[in-house]
Amino acid sequence: MAKMTLYYSPASPYARKVRVVALESGLDKKIEPVNVALTPVMPNADVDKHNPIGKIPALSVKGMDLFDSPVICEYLDSQHKRRKLLPRKGRDRWVALRQQAMGDGLLDAALLARYESFLRPEEKRWPDWSKGQMKKIDGVLDQLEAEVKSLKGKPTIGTITIGCALGYLDYRFSSHDWRAKRPKLAKWFAAFAKLPSMKATVPPPG
């Protein structure tokens, strides 16, 4: 297999998802990670060369650039002979894809709330916008609490995405005690976070 190059940031939950998939599939040794710094208002020229959207993660392989995390993860899952993280057919496939959508949706809302409070000048911040994003986050969390039984078992693209999303809440929204009303989800995440692939990709402090 050709060597792959992954443009990422250790703090990015979407890039973390890709890195967890790489570790779970045994492809991590075939990927050269390139740590880049960027924000929506401070683009990175190297990333722009590989992703016209200017976002990470981006994966360069065999003269082709892949983005964003769902596409990269599906590509990686097609390149190994271990148990597939994205079930190929049946109900299991749709459950995993639905879980991935919930995890990515939670992350989308969390990133928008983060940008509003961290990047936007204070005098231009819109409290109702942030409240709206947090409402979306809590809606996903409540749904996951109700469906926690479906998260059990070996990792899939769905549970990996959800695990990375919950980890991001702990990382950037520590004051939002999502565990308080969701004990079953908290218990699941406590166990899932102990996976070697999750422990190896915990974002650095800061």
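Which residues in helix 1 meet helix 4? Pro13, Tyr14 and Lys17 in helix 1 meet Gln100, Asp104, Leu107, Asp108 and Leu111 in helix 4. Contact here means heavy atoms within 4.5 Å. By class, this contact has four nonpolar, one polar and three charged residues. Ala, Val, Leu, Ile, Met, Phe, Trp, Tyr, Cys and Pro count as nonpolar; Asp, Glu, Lys and Arg count as charged; the others, Gly among them, count as polar. The axes of the two helices come within 10 Å and cross at roughly 150 degrees. Axes are lines fitted to C-alpha atoms over the stretch in contact, with angles from 0 to 180 degrees between N-to-C directions.

The model is predicted: local features need pLDDT of at least 70, side-chain atom pairs count only at pLDDT 80 or more, and totals for chains, interfaces and linings use all residues. Residues are numbered from 1 along each chain as its sequence is written, and side-chain values use heavy atoms, with hydrogens and water left out. Helices (H or I, at least four residues) and strands (E, at least two) are DSSP runs, numbered from the N terminus.

The largest nonpolar core holds 52 residues. Such a core is a set of buried Ala, Val, Leu, Ile, Met, Phe, Trp, Tyr and Cys residues joined through side-chain atoms within 4.5 Å. Buried means under 20% relative accessible area (1.4 Å probe, protein chains only). Leu59, Leu76, Leu166, Leu169 and Trp188 touch the most other members. Helix 6 gives the most to this core, with nine residues. Trp188 also touches Lys152, Thr159 and Gly163, among others, not counting residues up to four places away in sequence. A second, separate core of five residues includes Tyr7, Val36, Ile56 and Ala58.

The largest pocket has a volume of about 650 Å³. A pocket is an open set of points on a 1 Å grid over the protein atoms alone, where a 1.4 Å probe fits, with protein on both sides within 12 Å along at least five of seven lines; lining residues have an atom within 4 Å of a point. Points are joined across faces, edges and corners, and a volume is the space filled by probe spheres set on them. Of its 23 lining residues, Leu38, Thr39, Pro40, Leu111 and Tyr115 lie nearest the centre. The lining divides into 15 nonpolar, four polar and four charged residues. Helix 4 supplies the largest share, six residues.

The second largest pocket has a volume of about 210 Å³. Its lining has four nonpolar, five polar and five charged residues. Asp92, Val95, Ser150, Lys152 and Thr156 lie nearest its centre. Helix 4 again gives the largest share, here five residues.

Methods:
Buried means under 20% relative accessible area, exposed over 50%, partly exposed in between (1.4 Å probe, protein chains only).
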